[in-house]
Amino acid sequence: MSDVATIDDNRGFEQVRFVLCDLDGVVWLRRTAIAGAPEAIERLRDSGRRVLFVTNNSMSTIADQERALAAIGVPAEGDVVTSAQAAAAVIAPLDRVVVCGGEGVIEAVENRGAVALRDGEAEAVIVGLHHDFDYWRMQAANAAIRGGARFIATNDDATFPTPDGPTPGAGSLVAAVATASGMAPLIAGKPHQPMAELVRQRCGPTFSNTTALMVGDRWSTDGLFAEALGCPYAMVRSGVTLSGQAITDANGIVAAHRVRLDVADLAAVANALVAH
Ligand SMILES: [Mg+2]
């Protein structure tokens with residue numbers, strides 16, 4: 001596939017100061033670098049742009065994700081933004097929070113100045129993906145929500161792709177807690193507003209809808225997240241959306257003008273942004 005933009009031209013990209021990259025399917029697959037991605041990130045940074053990694057992975061700590069990026073040659077300290085942080089941003093400091101989620105959520109809650117609990121009375125409940133989810137963790141979340149706690153979900157991805165086929169994502173756990181409690185959650189991660197607000201804050205006052213570009217491999221999270229931010233979207237064909245596959249949503253094929261770039265991979269995005 002050509003690495004040249006298939007739609008529109010590249011005018012306007014010289015204004016882009018912030019490149020917002022999804023991780024899975026854009027930078028790496030199961031933490032193995034996608035060919036050319038580390039070099040593309042380096043080129044984008046050398047051109048004076050800031051690269052932020054915007055992920056719905058709430059389970060891993062920030063240090064763990066930074067280490068994994070460093071291991072593929074991508075220094076990322078301070079540049080990883082997670083759905084756990086977005087969820088923690090909507091709670092108040094000193095809140096008691098029942099965490100029905102992983103280490104990344106506990107870390108984000110504590111960094112917010114709130115108190116992470118496994119069960120008990122609370123002002124908020126945060127549900128995210130974790131591998132030791134069971135009946136009693138569901139009950140702890142249910143009881144706190146029925147006691148008046150706010151119900152917050154890190155993200156609502158029902159599944160995520162693996163070489164063995166789709167496996168349950170946070171959305172599947174969130175659905176169980178929603179069914180038990182009879183309540184709908186506030187969803188923090190991509191493509192929802194708490195994550196958009198957190199990214200705007202991280203970028204600072206020079207952020208605008210013309211100074212940022214979102215790069216992703218899945219329309220339903222990354223494309224809609226670009227629209228939540230009001231910035232253009234670059235689709236890469238290195239993850240869940242394969243080359244030649246139509247980009248669709250619930251209404252059918254997504255209109256071409258909503259996808260600013262449609263290219264093979266992050267290296268092709270760097271080619272479009274950085275003058276050669
Ligand atoms: Mg992805």
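Which domains does the domain assignment give for the protein chain? There are two entries: domain 1 (13–56 + 191–273) and domain 2 (85–187). The bounds come from an automatic or database domain assignment. The model is predicted: local features need pLDDT of at least 70, side-chain atom pairs count only at pLDDT 80 or more, and totals for chains, interfaces and linings use all residues. Residues are numbered from 1 along each chain as its sequence is written.

Take the two domains together. Their centres, taken over C-alpha atoms, are separated by 26 Å. Seven residues from domain 1 and eight residues from domain 2 make the contact. Two residues are in contact if their C-beta atoms, placed from the backbone, lie within 7 Å. On the side of domain 1 that touches domain 2, helix H7 (residues 193–203) gives the most, with three residues. That side of domain 1 divides into four nonpolar, three polar and no charged residues. Here Ala, Val, Leu, Ile, Met, Phe, Trp, Tyr, Cys and Pro count as nonpolar, Asp, Glu, Lys and Arg as charged, and the others, Gly among them, as polar.

Now turn to strand E1 (residues 18–21). Helices (H or I, at least four residues) and strands (E, at least two) are DSSP runs, numbered from the N terminus. Both faces of E1 are covered. Phe18 and Leu20 are buried on one side, Val19 and Cys21 on the other. A residue is buried if 20 or more other C-beta atoms lie within 10 Å of its own, exposed if 12 or fewer, and partly exposed in between, with C-beta atoms placed from the backbone. E1 pairs in the parallel sense with strand E4 (residues 50–55), over four bridges. Two strands pair if DSSP finds at least two bridges between them. E1 is also joined by four bridges to strand E13 (residues 212–216), again parallel. Val19 takes part in both pairings: it stands opposite Val51 in E4, and its bridge partner in E13 is Leu213.

Ala33 lies in strand E3 (residues 32–33). Is Ala33 buried or partly exposed? Ala33 counts as partly exposed, because it has 17 C-beta neighbours inside 10 Å. Beyond its neighbours within four places in sequence, Ala33 is in contact with Trp28, Pro38 and Ile72. The C-alpha atoms of Ala33 and Ala228 are separated by 28 Å, and the two residues are 195 apart along the chain.

Helix H2 (residues 62–71) has buried residues Ile62, Gln65 and Leu69. These cover an arc of only 70° around the axis, so they sit on the same side of H2. The arc is that of the directions from the helix axis to the C-beta atoms. Ala70 and Ala71 are exposed, on the face turned away from the buried side of H2. Among the elements covering the buried residues of H2 are E4, strand E5 (80–82) and helix H4 (103–111). Gly73 follows H2 and has a positive phi, near 90°.

H4 leads on to another sheet. H4 lies across strand E6 (96–100), E7 and strand E8 (124–127), at about 165° to E6. Axes are lines fitted to C-alpha atoms, for helices over the stretch in contact, and angles run from 0 to 180 degrees between N-to-C directions. Five strands form this open sheet, in the order E7-E6-E8-E9-E12, with parallel pairing. Strand E7 (115–117) and strand E12 (186–187) are the edge strands, each pairing on one side only. Strand E9 (residues 150–153) pairs with E12 over two bridges in the parallel sense. Ala153 has Ile187 as its bridge partner in E12.
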